[in-house]
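Subject: Structure handover

Hi,

Here is the structure I promised to pass on. Please load it first, then read the notes below it.

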Amino acid sequence: MSEKNRATPLLDELEKGPWPSFVKEIKKESERPMVRDLLGLLERSYEEHIGHWKHGGLVGVMGYGGGVIGRYSDLPEEFPEIAEFHTYRVNQPSAWFYTSDALRTLCDIWDRHGSGLTNMHGSTGDIIFLGSKTEALEPCFADLTEAGFDLGGSGSDVRTPSCCVGPARCEWACYDTLEACYDITQTYQDELHRPAFPYKYKFKFAGCPNDCVASIARSDMSVIGTWKDNIQIDQEQVREYAAGGTDIEAEICEMCPTGCITWNGEQLVIDNSECVKCMHCINVMPRALKPGKERGATILIGAKAPIIGGALLSSVFVPFLEMEPPYEDLKELAEAIWDFWGEYGKNRERVGEFIQRVGLGNFLEEIGLDPVPEMVAHPRTNPYIFFDEELEEDEDE
Amino acid sequence: MSQPTVEEVADAMYDLVKATHGKKNLKAMDLTKAMIEKFGDDAVDKKLCKLAIRQLIDSGRCIYSYFGGSFITLPPDEDSGG
Ligand code: HEM
Ligand code: HEM
Ligand code: SF4
Ligand code: SF4
């Protein structure tokens, strides 16, 4: 059946309309037998309202416990070309910078070994190669490593870290996100390729609280740039914004979440002790305002973004950390967390859920971090708080 | 008990994976805990177990598999059940 294009009336519907269409893109490659069977199988799923893929346990190449998502079709006789249709996660460069030559190299490798279909990029950040037969895995991996690429993470391991564009193109970056992402990726190669955790562990690096990689919503360890001192103000530029029609009172002062900005028509004054680094004022007047000079990052722990329910945002663990190579404090914290969660976490329990289960107090004690007010995510809702332990400790001293 | 070598721990891990094959899937931490139990926490630690797992996988005696989480199992050709 894979000799000619079959009719796909339901998929064709997805080509209509002004928006981009994955069906249109896939059809461009429909001279390939794998792609024709893929379209056929997908049409079948739309007809029957059920998926036809199963996992099958396969996870990687020799020595690796992640990087390949094994996929098999449950209709191998009808769609033989895609009976095996595995996905590769290939570790992307920091902030997704490529030379056109690197892109051609990747595409050539994938033309030789797989369906030719890619997803640039997957949600975690990797380069995604869609559709490989089992026999092609090792040769494709050999070509990738030859070209300087490696597989990313999957399963219960450190997932491929990712970062925002940071100082490469963005003046708000409070630390070098690309460098930090690269360093952590290299340091934790073992944890990335050899799954040893209860579940996945994601690092994401954002240069400032705008958090362009959405680290707070989906990473177990969010590293978000921030500053300790005062927002830098160019008063001349503020006056220019005002002259240019920006209503400073309404658009800046009244929208500051902590109400810590005043404007008298001449001078903008910020009470920095009340600033929560939301970035609003800076985003509205980028020529006039800049993050302070004493820069670093806030480390937040415990987000997860599941498909069905139970989303969690990460919450503050270390309010301010200097972000200079070799990032010893960050690594020490990550390793302390892995040690405790690794030993006591249940299968498929993310670190955020683990903290909810064991309690933040116990968690902090185990990883050796002192509680600080910034860790309080919201006012308490549980009146049962017991201070006995602390009282006893005091008596002992 | 004297300190076992990486190979000895890897062998013991392999025996455990083989013994539980088809009955219970083991994660890296399950193997680690079992080895600390077996040899004693003064003889083996997490670090040694990590090296032993590496040995186990790199030698091809065991592979990583995914069943809603990452497990260490026998390679498919030794899968007697098929
Ligand atoms: C001037 C009088 C009172 C003051 C200033 C006061 C103050 C407070 C405060 C500060 C709390 C803690 C709220 C929290 O944990 O977030 C509280 C809780 C509570 N109070 Fe009072 N209270 C007063 C009178 C009373 C009276 C007369 C009763 C009962 C007849 C009462 C029953 C409770 C109960 C049951 C709670 C716990 C509420 C909960 O668990 O959500 N209080 N009170
Ligand atoms: C048979 C009688 C009663 C039963 C079965 C009962 C049951 C309960 C239960 C199950 C709770 C929730 C506990 C929790 O959240 O863990 C509760 C809370 C509470 N009950 Fe009762 N109760 C009874 C009588 C009373 C009476 C007579 C009073 C007051 C005069 C009272 C005052 C309260 C208060 C203030 C709370 C909230 C405690 C807090 O949140 O700190 N209860 N009760
Ligand atoms: S997160 Fe901040 S530093 Fe990074 S790209 Fe976005 S605005 Fe720039
Ligand atoms: S960054 Fe946000 S909280 Fe801080 S001064 Fe600007 S608007 Fe206010």
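Which residues do ring pairs link into a cluster? They are Y188(A), F197(A), Y201(A), F203(A), F205(A), W338(A) and W341(A). Keep in mind that this is a predicted model.

Aromatic contacts

Over all chains, the structure holds 21 aromatic pairs. One of them joins F67(B) and F71(B). Their ring centres are 6.1 Å apart, and the planes make an angle of 45 degrees.

F67(B) has a relative accessible area of 44%, so it is partly exposed. F71(B) is buried, because its relative accessible area of 8% falls under the 20% limit.

F71(B) has a further contact. The charged end of K27(B) sits over its ring, 5.3 Å from the centre. There is also a contact of this kind between chains: K33(B) lies over the face of Y344(A), at 5.9 Å from the ring centre.

Second largest pocket

This pocket holds about 1200 Å³ of space. Its lining has 41 residues, and the closest to the pocket centre are I69(A), R71(A), R89(A), K200(A) and I307(A). By class, the lining divides into 20 nonpolar, ten polar and eleven charged residues.

Several elements of chain A each supply at least two lining residues. The helices among them are α2 (22–27) and α3 (33–48). The strands include β2 (68–69), β4 (86–90), β5 (117–120) and β6 (127–132). The largest share, five residues, comes from α3(A).

Cavity

How many cavities of 30 Å³ or more does the structure hold? There is one. About 100 Å³ of space lies in the largest cavity. Of its 15 lining residues, I231(A), C256(A), C275(A), C278(A) and C281(A) are the closest to the centre. Helix α11 (residues 280–284) of chain A gives the largest share of the lining, three residues. Twelve lining residues are nonpolar, two are polar and one is charged.

Ligand 3

The residues surrounding ligand 3 are C164(A), V165(A), C170(A), W172(A), A173(A), G207(A), C208(A), N210(A), D211(A) and C212(A). Seven residues of this shell are nonpolar, two are polar and one is charged.

Best wishes

Key. Residues numbered from 1 in each chain as written. Chains lettered and ligands numbered in written order. Predicted model: local features only at pLDDT ≥ 70, side-chain atom pairs only at ≥ 80, totals over all residues. Heavy atoms only, no water. 1 Å grid on protein atoms, 1.4 Å probe; cavity = no way out; pocket = protein on both sides within 12 Å on 5 of 7 lines; lining within 4 Å. Points joined across faces, edges and corners; volume = space filled by probe spheres on them. Helix = DSSP H or I, 4+ residues; strand = E, 2+ residues; numbered from the N terminus. Nonpolar A, V, L, I, M, F, W, Y, C, P; charged D, E, K, R; others polar. Phe/Tyr/Trp six-rings, centres within 6.5 Å; stacked < 30°, edge-to-face > 60°. Buried < 20%, exposed > 50% of the residue type's maximum accessible area, 1.4 Å probe, protein only. Lys NZ or Arg CZ within 6 Å of the ring centre and 35° of its normal. Near = heavy atom within 4 Å.
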